[in-house]
Amino acid sequence: MTCAEVACPMLGAAVADDERSYALSDYEGAQARWCPGCGDHSVLTAVERLLVAEQLRPEQTVFVSGIGCSSRFPHYLRTYGFHGIHGRALPVATGVKLHRPDLNVFVVMGDGDCTSIGAGHWLHATRYNVKMVALMLDNGIYGLTKNQTSPTTPQGHTSNTSPTGGVLPALDPISAMLGMTNASFVAQTAEWIPAHLAATLRAAWKHDGFAFVRVLQRCPVFTPDIYQIAVQKPDRIELLVHDDGVDAPELAKTYRNRVAHDPRDLTRARQLAEPHDRIRLGLFLKDASRPCYDALRRVPPRTAAERMAALDRELDRHAV
Ligand code: SF4
Ligand code: MG
């Protein structure tokens with residue numbers, strides 16, 4: 001077998017990688033078991049379509065998740081996957097990418113997973129700016145554990161842990177991201193607008209660095225009302241538009257509220273992220289000049305003999 005061929009453990013036969021093309025069915029894993037009407041279904045479909053459009057080889061693609069409804073994602077895809085522990089998806093994904101820069105790395109987190117239990121890792125993954133697409137599916141609740149208030153639950157919303165309504169204002173993940181050191185790509189989209197979701201995923205995938213996408217996600221079981229008005233009334237949505245932003249021209253007729261925003265302008269991005277009577281979707285920030293830890297610390301590949309010599313030297317340091 002030449003180096004242009006690959007024996008794919010999931011697809012079976014050895015195929016020439018320049019001949020093989022992948023269809024949707026090549027990426028489909030187990031049948032999704034989210035509730036009927038759950039927004040996670042649309043995100044899965046959009047991600048599968050991205051994989052097809054970009055022809056990402058399943059055996060070179062990894063989905064890492066934490067814990068939550070959305071974290072079932074790796075089971076539903078026929079790529080490699082790592083269904084980790086609560087809040088720890090980002091350090092796992094960072095490790096994967098640092099040791100295997102040839103892999104396509106995606107992370108899927110829930111709102112509690114990312115902004116509560118995983119908040120420390122979120123901060124540092126942003127600062128490290130290692131190339132990956134990090135999706136935060138925000139339904140404003142802990143769904144898998146059956147209805148507990150998360151940091152993004154709207155103030156006043158009742159849940160098992162806040163039976164009379166949450167008393168604190170909700171955390172805004174976009175504002176938080178725009179305040180983090182070395183943030184390089186920050187976008188917001190909604191799963192019920194497939195064209196915008198697809199365009200956002202495409203832009204995130206093309207970005208060289210840590211691409212953070214907050215996906216507003218409906219949970220008809222525990223937070224059926226939080227996005228309902230925006231779903232029914234497109235005038236409650238405002239799209240950020242720019243030549244270098246998220247491009248979905250087919251939305252022009254339905255989504256008429258638009259605001260021009262150059263995603264290189266961090267100050268303006270922070271202003272646009274402030275609370276507003278409309279939900280703003282689009283690319284808030286894109287800065288390809290930010291340093292990436294994986295590029296700065298890339299170690300040239302070593303031969304087996306060089307690796308053994310390095311191991312021997314390390315063992316000698318500790319041997320008595
Ligand atoms: Fe989706 Fe909510 Fe059901 Fe979880 S509980 S699968 S988020 S609808
Ligand atoms: Mg949630």
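These are my notebook entries on a predicted model.

**Ground rules.** I number residues from 1 along each chain as its sequence is written, with chains lettered from A and ligands numbered from 1 in the order in which they are written. Local features need pLDDT of at least 70, side-chain atom pairs count only at pLDDT 80 or more, totals for chains, interfaces and linings use all residues, and side-chain values use heavy atoms, with hydrogens and water left out.

Asp111 is in helix α3 (residues 111-117) and Ile141 in the loop between β6 (132-138) and α5 (173-178), so the pair ties together parts 30 residues apart in sequence. Helices (H or I, at least four residues) and strands (E, at least two) are DSSP runs, numbered from the N terminus. Both Asp111 and Ile141 are buried; that means under 20% relative accessible area, with exposed over 50% and partly exposed in between (1.4 Å probe, protein chains only).

**Thr223.** Next I checked Thr223, in the loop between β8 (210-216) and α7 (228-232). Thr223 is buried, at 2% relative accessibility. Leaving out residues up to four places away in sequence, Thr223 touches Asn139, Gly140, Ile141 and His157 (contact: heavy atoms within 4.5 Å).

**Salt bridges.** My search of the whole structure gave 13 salt bridges, each a side-chain nitrogen of Lys or Arg within 4 Å of a carboxyl oxygen of Asp or Glu. One of them joins Asp138 and Arg214, with the closest N and O atoms 2.8 Å apart. Asp138 lies in strand β6 and Arg214 in strand β8, so this pair ties together parts 76 residues apart in sequence. Asp138 and Arg214 are both buried. I also noted Arg317 with Glu314, closest N and O atoms 2.8 Å apart. Both lie in helix α10, three residues apart, about one turn of the helix. Arg317 is exposed at 61% relative accessibility, while Glu314 is partly exposed at 38%.

**Core.** Last, I looked at the largest nonpolar core, which has 46 residues; Val47, Phe73, Leu135 and Trp192 touch the most other members. Such a core is a set of buried Ala, Val, Leu, Ile, Met, Phe, Trp, Tyr and Cys residues joined through side-chain atoms within 4.5 Å. Helix α6 gives the most to this core, with seven residues.
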